[in-house]
Amino acid sequence: MADHPHKPAARPLSPFVTVFRWPITMATSIVHRATGVALAGGTILIAWWLFAAANGPEAYNQFAGLIETLPGQIVLFGFVWSLAYHLVNGIRHLAWDLGYGFEIRTASVTGVVVLVVSVVLATGAFALAWLGQGGYYR
Amino acid sequence: MSLETPLKQTAGLGAAHSGVGHFWRQRVSAVALIPLAVWFAISALGLVGAREAAVLIFLSNPLNAVLMAAFVVASLYHMALGIQEVIVDYVPQSGLRFALVMLDYAFAFAVAAASVFSLLRIAVS
(Lines give C-alpha, C1' and ligand atoms only; values in the text may rest on other atoms or scores of the structure.)
Protein backbone atom coordinates (compact mmCIF):
# COMPACT_ATOMS: atom_id res chain seq x y z
CA MET A 1 0.00 0.00 0.00
CA ALA A 2 1.35 3.45 -0.90
CA ASP A 3 2.00 6.06 1.79
CA HIS A 4 -0.63 8.79 1.62
CA PRO A 5 0.51 12.41 2.01
CA HIS A 6 -2.83 13.22 3.64
CA LYS A 7 -4.02 10.72 6.22
CA PRO A 8 -7.70 9.93 5.64
CA ALA A 9 -10.01 10.71 8.56
CA ALA A 10 -10.41 7.80 11.00
CA ARG A 11 -13.72 6.21 10.06
CA PRO A 12 -15.49 3.60 12.14
CA LEU A 13 -14.70 0.05 11.05
CA SER A 14 -17.04 -2.90 11.17
CA PRO A 15 -15.97 -4.82 14.31
CA PHE A 16 -15.70 -8.06 12.36
CA VAL A 17 -13.09 -9.72 14.59
CA THR A 18 -14.35 -8.80 18.05
CA VAL A 19 -18.15 -9.00 17.76
CA PHE A 20 -19.31 -11.54 15.22
CA ARG A 21 -18.85 -15.29 15.67
CA TRP A 22 -15.82 -16.41 13.66
CA PRO A 23 -16.66 -18.68 10.72
CA ILE A 24 -14.48 -21.81 10.91
CA THR A 25 -12.76 -20.83 7.63
CA MET A 26 -11.75 -17.48 9.17
CA ALA A 27 -10.40 -19.16 12.32
CA THR A 28 -8.37 -21.72 10.32
CA SER A 29 -6.94 -18.93 8.14
CA ILE A 30 -5.84 -16.85 11.14
CA VAL A 31 -4.37 -19.93 12.85
CA HIS A 32 -2.46 -20.81 9.64
CA ARG A 33 -0.72 -17.43 9.75
CA ALA A 34 -0.14 -17.60 13.52
CA THR A 35 1.39 -21.09 13.33
CA GLY A 36 3.56 -19.89 10.41
CA VAL A 37 4.96 -17.09 12.57
CA ALA A 38 5.45 -19.53 15.47
CA LEU A 39 7.35 -21.90 13.15
CA ALA A 40 9.71 -19.02 12.24
CA GLY A 41 10.71 -19.18 15.92
CA GLY A 42 10.82 -22.97 15.61
CA THR A 43 13.68 -22.69 13.09
CA ILE A 44 15.81 -21.30 15.95
CA LEU A 45 14.93 -24.39 18.00
CA ILE A 46 16.17 -26.69 15.20
CA ALA A 47 19.33 -24.62 14.61
CA TRP A 48 19.99 -24.66 18.37
CA TRP A 49 19.55 -28.46 18.47
CA LEU A 50 21.98 -28.98 15.55
CA PHE A 51 24.46 -26.49 17.04
CA ALA A 52 24.35 -28.28 20.40
CA ALA A 53 24.86 -31.67 18.72
CA ALA A 54 27.92 -30.30 16.89
CA ASN A 55 29.43 -28.93 20.12
CA GLY A 56 30.02 -32.02 22.22
CA PRO A 57 28.13 -34.06 24.83
CA GLU A 58 28.03 -31.25 27.42
CA ALA A 59 26.40 -28.75 25.06
CA TYR A 60 23.96 -31.43 23.89
CA ASN A 61 23.01 -32.52 27.42
CA GLN A 62 22.41 -28.88 28.35
CA PHE A 63 20.01 -28.47 25.39
CA ALA A 64 18.26 -31.80 26.07
CA GLY A 65 17.95 -30.91 29.76
CA LEU A 66 16.23 -27.61 28.92
CA ILE A 67 13.78 -29.32 26.53
CA GLU A 68 12.90 -31.89 29.19
CA THR A 69 11.78 -29.25 31.73
CA LEU A 70 8.05 -28.45 31.89
CA PRO A 71 8.42 -25.03 30.11
CA GLY A 72 10.63 -26.79 27.54
CA GLN A 73 7.97 -29.44 26.92
CA ILE A 74 5.28 -26.75 26.55
CA VAL A 75 7.38 -24.88 23.96
CA LEU A 76 8.13 -28.18 22.18
CA PHE A 77 4.43 -29.10 22.11
CA GLY A 78 3.63 -25.66 20.65
CA PHE A 79 6.26 -26.26 17.96
CA VAL A 80 5.07 -29.80 17.18
CA TRP A 81 1.38 -28.81 16.99
CA SER A 82 2.22 -25.72 14.86
CA LEU A 83 4.19 -27.93 12.46
CA ALA A 84 1.34 -30.48 12.28
CA TYR A 85 -1.31 -27.80 11.74
CA HIS A 86 0.67 -25.79 9.17
CA LEU A 87 1.49 -29.00 7.26
CA VAL A 88 -2.07 -30.36 7.16
CA ASN A 89 -3.75 -26.98 6.54
CA GLY A 90 -1.03 -26.21 3.97
CA ILE A 91 -2.17 -29.25 1.97
CA ARG A 92 -5.74 -27.85 2.21
CA HIS A 93 -4.43 -24.54 0.80
CA LEU A 94 -2.65 -26.34 -2.06
CA ALA A 95 -5.94 -28.09 -2.91
CA TRP A 96 -7.61 -24.65 -3.09
CA ASP A 97 -4.76 -23.46 -5.36
CA LEU A 98 -5.70 -26.32 -7.73
CA GLY A 99 -9.35 -25.22 -7.57
CA TYR A 100 -10.73 -27.92 -5.25
CA GLY A 101 -12.75 -27.56 -2.04
CA PHE A 102 -14.25 -24.09 -2.41
CA GLU A 103 -17.86 -25.11 -1.61
CA ILE A 104 -18.74 -23.38 1.69
CA ARG A 105 -19.78 -26.67 3.27
CA THR A 106 -16.64 -28.46 1.98
CA ALA A 107 -14.34 -25.66 3.20
CA SER A 108 -15.96 -25.73 6.66
CA VAL A 109 -15.76 -29.51 6.96
CA THR A 110 -12.11 -29.64 5.84
CA GLY A 111 -11.36 -26.86 8.36
CA VAL A 112 -12.69 -28.99 11.23
CA VAL A 113 -10.85 -32.05 9.84
CA VAL A 114 -7.56 -30.09 9.77
CA LEU A 115 -8.00 -28.92 13.38
CA VAL A 116 -8.81 -32.43 14.63
CA VAL A 117 -6.04 -34.15 12.63
CA SER A 118 -3.40 -31.63 13.77
CA VAL A 119 -4.31 -32.14 17.45
CA VAL A 120 -4.33 -35.94 17.00
CA LEU A 121 -0.89 -35.87 15.30
CA ALA A 122 0.70 -33.62 17.95
CA THR A 123 -0.76 -35.38 21.00
CA GLY A 124 -0.09 -38.74 19.33
CA ALA A 125 3.60 -37.88 18.87
CA PHE A 126 3.86 -36.78 22.52
CA ALA A 127 1.97 -39.86 23.72
CA LEU A 128 4.36 -42.14 21.79
CA ALA A 129 7.37 -40.31 23.23
CA TRP A 130 6.07 -40.43 26.82
CA LEU A 131 5.06 -44.09 26.51
CA GLY A 132 8.62 -44.90 25.42
CA GLN A 133 7.62 -45.71 21.82
CA GLY A 134 9.88 -42.94 20.44
CA GLY A 135 13.65 -43.08 20.43
CA TYR A 136 13.85 -45.93 17.89
CA TYR A 137 17.04 -44.39 16.42
CA ARG A 138 18.84 -44.52 19.76
CA MET B 1 8.22 6.34 -28.59
CA SER B 2 10.05 3.77 -26.54
CA LEU B 3 11.95 0.70 -27.60
CA GLU B 4 10.11 -1.21 -24.84
CA THR B 5 6.92 -3.00 -25.77
CA PRO B 6 3.72 -1.92 -23.99
CA LEU B 7 3.82 -5.17 -22.01
CA LYS B 8 7.37 -4.48 -20.78
CA GLN B 9 6.36 -0.97 -19.71
CA THR B 10 3.55 -2.21 -17.49
CA ALA B 11 5.13 -5.43 -16.15
CA GLY B 12 5.91 -5.21 -12.43
CA LEU B 13 3.73 -2.14 -11.85
CA GLY B 14 1.15 -4.06 -9.83
CA ALA B 15 0.89 -3.75 -6.06
CA ALA B 16 3.37 -6.59 -5.47
CA HIS B 17 5.97 -5.19 -7.97
CA SER B 18 6.86 -8.76 -8.86
CA GLY B 19 3.93 -10.45 -10.58
CA VAL B 20 3.21 -13.95 -9.30
CA GLY B 21 6.88 -14.78 -8.50
CA HIS B 22 6.43 -14.61 -4.74
CA PHE B 23 3.22 -16.67 -4.83
CA TRP B 24 4.81 -19.34 -7.02
CA ARG B 25 8.02 -19.68 -4.93
CA GLN B 26 5.84 -20.03 -1.83
CA ARG B 27 3.93 -22.95 -3.41
CA VAL B 28 7.05 -24.70 -4.77
CA SER B 29 8.74 -24.60 -1.35
CA ALA B 30 5.46 -25.71 0.31
CA VAL B 31 5.24 -28.81 -1.91
CA ALA B 32 8.92 -29.64 -1.23
CA LEU B 33 8.32 -29.32 2.52
CA ILE B 34 5.50 -31.89 2.64
CA PRO B 35 7.76 -34.99 2.40
CA LEU B 36 10.66 -33.24 4.18
CA ALA B 37 8.52 -32.28 7.21
CA VAL B 38 7.09 -35.83 7.45
CA TRP B 39 10.66 -37.23 7.33
CA PHE B 40 11.78 -34.70 9.97
CA ALA B 41 8.90 -35.57 12.33
CA ILE B 42 9.57 -39.33 12.06
CA SER B 43 13.33 -38.74 12.60
CA ALA B 44 12.83 -36.39 15.58
CA LEU B 45 10.47 -38.89 17.26
CA GLY B 46 13.08 -41.58 16.69
CA LEU B 47 15.71 -39.48 18.49
CA VAL B 48 13.61 -38.74 21.60
CA GLY B 49 15.76 -39.31 24.67
CA ALA B 50 18.84 -40.11 22.56
CA ARG B 51 22.33 -39.36 23.84
CA GLU B 52 24.63 -37.05 21.86
CA ALA B 53 26.54 -40.04 20.42
CA ALA B 54 23.35 -41.53 18.90
CA VAL B 55 22.35 -38.15 17.43
CA LEU B 56 25.81 -37.83 15.83
CA ILE B 57 25.54 -41.32 14.31
CA PHE B 58 22.13 -40.37 12.86
CA LEU B 59 23.23 -36.96 11.52
CA SER B 60 26.57 -38.19 10.10
CA ASN B 61 24.71 -40.61 7.84
CA PRO B 62 24.99 -38.85 4.42
CA LEU B 63 21.32 -39.37 3.51
CA ASN B 64 20.12 -38.00 6.85
CA ALA B 65 22.56 -35.07 6.69
CA VAL B 66 21.41 -34.08 3.19
CA LEU B 67 17.70 -34.45 4.06
CA MET B 68 18.17 -32.39 7.25
CA ALA B 69 20.00 -29.65 5.33
CA ALA B 70 17.27 -29.68 2.66
CA PHE B 71 14.56 -29.47 5.33
CA VAL B 72 16.25 -26.56 7.14
CA VAL B 73 17.03 -24.58 3.96
CA ALA B 74 13.58 -25.14 2.39
CA SER B 75 11.93 -24.23 5.72
CA LEU B 76 13.84 -20.95 6.03
CA TYR B 77 13.18 -20.07 2.38
CA HIS B 78 9.45 -20.73 2.91
CA MET B 79 9.63 -18.80 6.21
CA ALA B 80 11.29 -15.74 4.61
CA LEU B 81 8.57 -15.61 1.93
CA GLY B 82 5.77 -16.08 4.48
CA ILE B 83 7.03 -13.53 7.02
CA GLN B 84 7.55 -11.06 4.13
CA GLU B 85 3.84 -11.47 3.33
CA VAL B 86 2.93 -10.77 6.97
CA ILE B 87 5.18 -7.67 7.02
CA VAL B 88 3.75 -6.13 3.84
CA ASP B 89 0.22 -6.80 5.13
CA TYR B 90 0.64 -4.97 8.44
CA VAL B 91 3.35 -2.30 7.97
CA PRO B 92 2.12 0.66 5.87
CA GLN B 93 5.28 2.83 6.30
CA SER B 94 7.45 2.05 3.26
CA GLY B 95 10.82 2.68 4.98
CA LEU B 96 10.08 0.48 8.00
CA ARG B 97 8.53 -2.15 5.74
CA PHE B 98 11.69 -2.24 3.60
CA ALA B 99 13.92 -2.55 6.70
CA LEU B 100 11.82 -5.37 8.17
CA VAL B 101 11.84 -7.36 4.91
CA MET B 102 15.65 -6.99 4.82
CA LEU B 103 15.81 -8.20 8.44
CA ASP B 104 13.49 -11.11 7.58
CA TYR B 105 15.83 -12.38 4.85
CA ALA B 106 18.94 -11.70 6.98
CA PHE B 107 17.40 -13.90 9.72
CA ALA B 108 16.68 -16.67 7.21
CA PHE B 109 20.24 -16.63 5.80
CA ALA B 110 21.82 -16.51 9.28
CA VAL B 111 19.79 -19.41 10.73
CA ALA B 112 20.23 -21.50 7.56
CA ALA B 113 23.99 -20.87 7.54
CA ALA B 114 24.33 -21.75 11.24
CA SER B 115 22.33 -24.97 10.77
CA VAL B 116 24.25 -26.11 7.67
CA PHE B 117 27.56 -25.24 9.39
CA SER B 118 26.61 -27.47 12.34
CA LEU B 119 25.67 -30.32 9.96
CA LEU B 120 29.01 -29.97 8.11
CA ARG B 121 30.88 -29.96 11.40
CA ILE B 122 29.14 -33.18 12.43
CA ALA B 123 29.77 -34.72 8.98
CA VAL B 124 33.55 -34.15 9.09
CA SER B 125 34.07 -34.86 12.79
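Biologist: What percentage of the contacts in chain A with a separation of 6 or more is accounted for by residues 24 or more positions apart?

Modeller: The figure is 70%. Two residues are in contact here if their C-beta atoms, placed from the backbone, lie within 7 Å. In chain B, residues 24 or more positions apart account for 69% of the contacts with a separation of 6 or more. The model is predicted, so local features need pLDDT of at least 70 and side-chain atom pairs count only at pLDDT 80 or more, while totals for chains, interfaces and linings use all residues. Residues are numbered from 1 along each chain as its sequence is written, with chains lettered from A and ligands numbered from 1 in the order in which they are written.

Biologist: How many helices and strands does chain B have?

Modeller: Chain B has five helices and zero strands, and its elements follow the pattern α-α-α-α-α along the sequence. Helices (H or I, at least four residues) and strands (E, at least two) are DSSP runs numbered from the N terminus. Chain A contains four helices and zero strands, in the order α-α-α-α.

Biologist: Why is chain B called more spread out than a compact globule?

Modeller: The radius of gyration of chain B is 20 Å, whereas the globule rule gives 14 Å for 125 residues; the value is well over the rule, and chain B is therefore more spread out than a compact globule. The radius is taken over C-alpha atoms, and the rule is 2.2 Å times the number of residues to the power 0.38. The C-alpha atoms of chain B fill a box of roughly 70 × 30 × 25 Å along the principal axes.

Biologist: What makes L100(B) partly exposed?

Modeller: L100(B) has 17 other C-beta atoms within 10 Å. A residue is buried with 20 or more such atoms, exposed with 12 or fewer and partly exposed in between, with C-beta atoms placed from the backbone. The count of 17 therefore makes L100(B) partly exposed. L100(B) lies in helix α5 of chain B; beyond its neighbours within four places in sequence, L100(B) is in contact with I87(B) and V91(B). Buried residues make up 22% of the 125 residues in chain B and 24% of the 138 residues in chain A.

Biologist: Why are α3(B) and α4(B) called roughly perpendicular?

Modeller: Their axes come within 5 Å and cross at roughly 85°. Axes are lines fitted to C-alpha atoms, for helices over the stretch in contact, and angles run from 0 to 180 degrees between N-to-C directions. Angles under 35 degrees count as roughly parallel, over 145 as roughly antiparallel, 65 to 115 as roughly perpendicular and the rest as oblique. The two helices are therefore roughly perpendicular to each other. F58(B), L59(B) and S60(B) of α3(B) meet N64(B), A65(B) and M68(B) of α4(B).

Biologist: What makes α3(B) roughly perpendicular to α5(B)?

Modeller: These helices pack at an angle of about 95°, with their axes 9 Å apart, and that angle makes α3(B) roughly perpendicular to α5(B). The contact joins L56(B), L59(B) and S60(B) of α3(B) to L119(B), I122(B) and A123(B) of α5(B). By class, this contact has five nonpolar, one polar and no charged residues. Ala, Val, Leu, Ile, Met, Phe, Trp, Tyr, Cys and Pro count as nonpolar, Asp, Glu, Lys and Arg as charged, and the others, Gly among them, as polar.

Biologist: Which residues touch the most other members of the largest nonpolar core?

Modeller: Of its 40 residues, these are L50(A), A53(A), L83(A), L76(B), M79(B), A80(B) and A108(B). A nonpolar core is a set of buried Ala, Val, Leu, Ile, Met, Phe, Trp, Tyr and Cys residues joined through C-beta atoms within 7 Å. The largest share of this core, nine residues, comes from α4(B). Setting aside neighbours within four places in sequence, L83(A) is in contact with L39(A), G42(A), A37(B) and A41(B).

Biologist: How many residues does each chain bring to the contact between the chains?

Modeller: Chain B brings 35 residues and chain A 32 residues. On the side of chain B that touches chain A, α2 (21-46), α3 (52-60), α4 (62-90) and α5 (94-124) each supply at least two residues. That side divides into 24 nonpolar, eight polar and three charged residues.
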